[in-house]
Each structure stands twice: as C-alpha cells, then as structure tokens.
Amino acid sequence: MTQGLLRSLRFQLNWGRQQAVGMSRAMLLGSIFAVGVFAGGMTVLGTDVRAEEAGDASKADDVVVATVNGSEIRFSDVLLAEEEMGQALAQLPEQTRFQYMLSMLIDRQILADAALKDGLADDPGVLQRQAYFDKKALRDVYWTKRLLAEVTEEKAKEYYQETIAAAEPEEEIHGRHLLVPSEEAARAAMAEIAGGKPFAEVAAAVSVGPSKSEGGDLGYFVRGDMVPAFSDVAFALKDGEVSEPVKTKFGWHVITVEDRRMRETPSYEAVRSQLMSEMVQVKSQELMDSLREGAKIDLSGSEEGGSSRPVIAPE
C-alpha cells in the first residue's frame, strides 16, 4: 500500500467522522454510545456513531479500500470494524488502528472464501453464528434508531432547563482535610496545626487519604458531594477554622474551610455530554422495561410468575 493511498484512506476515515460531528443526530450518538449503557439489567454495548456512519456511507462516498479475490472491502466495512473493535484498539494511533482493522477485514475475507470453497456455507456452526449475529444486527440498529428519536438536542435542552437551570443556587466550599486511622492521630495532627504548622503541610505529612499529595486539598464541593457526617461539620465551619476530629467509614478526619461561594449554574454546553448520558440511561431502562413487559418469556426451571431475568446459569 503506497503512502498516498494510505493518506487517502485516512482522509476518508476522518471525513466520515467530521460529517458525523456536523450532524446533530450523530453528535448525540458519539457522546452517548461511546460507552456501554446499562439497560434493564443488561449491558447493551454502544452502537455508537460509527454504526450511523456505516449506514450513511452508501449515501456519500463509500470508497473501496481493498479488494480480496474480487470481493470489495469498503469504507463502511472499516467503520463497522471500528464499532466492533474500537474499544480494544482505542490506545493505538489512528493510522495503526486503521491498518489493523483493514488487515483484519482482509484476513476475514480470505478465510471466508476458504470456508466457502470447503463447502461450509450450510455447516451447522456457520448457520448458528449467522442466526446469532442476525439478531445482534437487528438489535443494534433498532436500539440506535429508538434512542436517536428519544434523545434529541431539543429534549436535552428541555431537560437542562428543568433540572439544572431551574435549580436553586447551592453553596459550595473550598476545603482541605487530613485522614488518619485513629482519633489520637487526628488530635496529634490538630496539635501541630495549633502550634503554627500550615494545615496543608501537616496533611501532606500524616494523611492517608488520596488528597495527601495536594496537602489535603479537596477543591470546591457542595454538601451532596461528601458523606453527611463530613459535610455537616465542614459546612458549619467558618473560613480558616479547624474542626474537631470527625469519624466516617473512611477513618478520622480533620477539616478546614478556605473559602465559600454560591455555585454558578453551568452552561448547557458545559454539561451537555453528561445530560445526554443521563438521558440515555433513563430512556434505555424505560425502553427495555417496556419491551420486556410486552414479551412472553419462559425461563427453564423458574416458577410461574417469577422474574423474567435469569438468576443463575443452567447446569
């Protein structure tokens, strides 16, 4: 493969992604389905924007990227391969990822041709796998289309107005803490602070918490970000005041507050991705629950009227 052709193929791959980014529907899928969605107790792997791109490729310029024994491998095939293998290859550079997927598709075509030559088209193992992947394809496309209809930019903005923009402003504080295993250790740390050592210095020296390296700095947080025992004490402190030892399930804390303010309402753009993910999780659960309610499901060995979900694998 010449460098010129490789650059051309990479351009086509980037072009497809850029086209998707320019489309609201595809933007939603790209931000929502890049991760698995838990729906009705089942992990539904993301049929993300690449599935839409693959479906749209025939409408655009679905170029042939390789030919094997007369069979064409197209740009849309590479996009589907990326859907299938993208997570496993996510850490690879794009050029390496593209070459890997194309090589896999070439090998797959060679092996498929060999299987057909050996008369395996009607082999029971082949037919069983075809039936399995037929159902997967139907599920993926159906799931994508239903959620695209449910999670739109307009609905996301409405959700933002209802849940975030309309919410009352909330106080947040900038706090530090140190975490130690016992009350005695907490009081020893308090004595050092009372003796003039900076709180951050003592926290960096004795704390066993993850913020130890930052001198116990927790940044700004609201009440709900912390366990109640911690938040109740922290929000009652005055700026610069050091708390008495506080016991939580994590150990013993000593807390101080450096600043307080009212949290600004984030813009829609700042929380868009999070809102989309929340909406997809909700709509996924609702969709799967609704479909299960309308389905007749009989589990071998289960009691009549029991759960429609398996509890243990069959022996």
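**View 1. Asn 69, out in the open.** At 65% relative accessibility, Asn 69 counts as exposed (exposed is over 50% relative accessible area, buried under 20%, partly exposed in between, with a 1.4 Å probe and protein chains only). The residue sits in the loop between β3 and β4 (71–74); helices (H or I, at least four residues) and strands (E, at least two) are DSSP runs, numbered from the N terminus. Most residues other than glycine have a negative phi. Asn 69 isn't a glycine, yet its phi is positive, about 50°.

A quick note before the other views: this is a predicted model, where local features need pLDDT of at least 70 and side-chain atom pairs count only at pLDDT 80 or more, while totals for chains, interfaces and linings use all residues. Residues are numbered from 1 along each chain as its sequence is written, and side-chain values use heavy atoms, with hydrogens and water left out.

**View 2. Helix α5 from end to end.** The 24 residues of α5 should span 34 Å at 1.5 Å a residue, and the end C-alpha atoms are 35 Å apart, which agrees; the expected span is 1.5 Å times one less than the number of residues. Buried residues in α5 are Arg 97, Phe 98, Met 101, Leu 102, Met 104, Leu 105 and Asp 113. Ala 115, also in α5, is partly exposed at 25% relative accessible area. From Ala 115 to Val 126 is eleven residues in sequence and 9.7 Å in space, C-alpha to C-alpha. After α5 comes Gly 119, with a positive phi near 75°.

**View 3. Ser 243, tucked into a loop.** Ser 243 lies between α10 (228–234) and β7 (246–248), and its 2% relative accessibility makes it buried. Not counting residues up to four places away in sequence, Ser 243 touches Met 190, Val 233, Leu 237, Val 254 and Ile 255.

Note on methods. Contact means heavy atoms within 4.5 Å.
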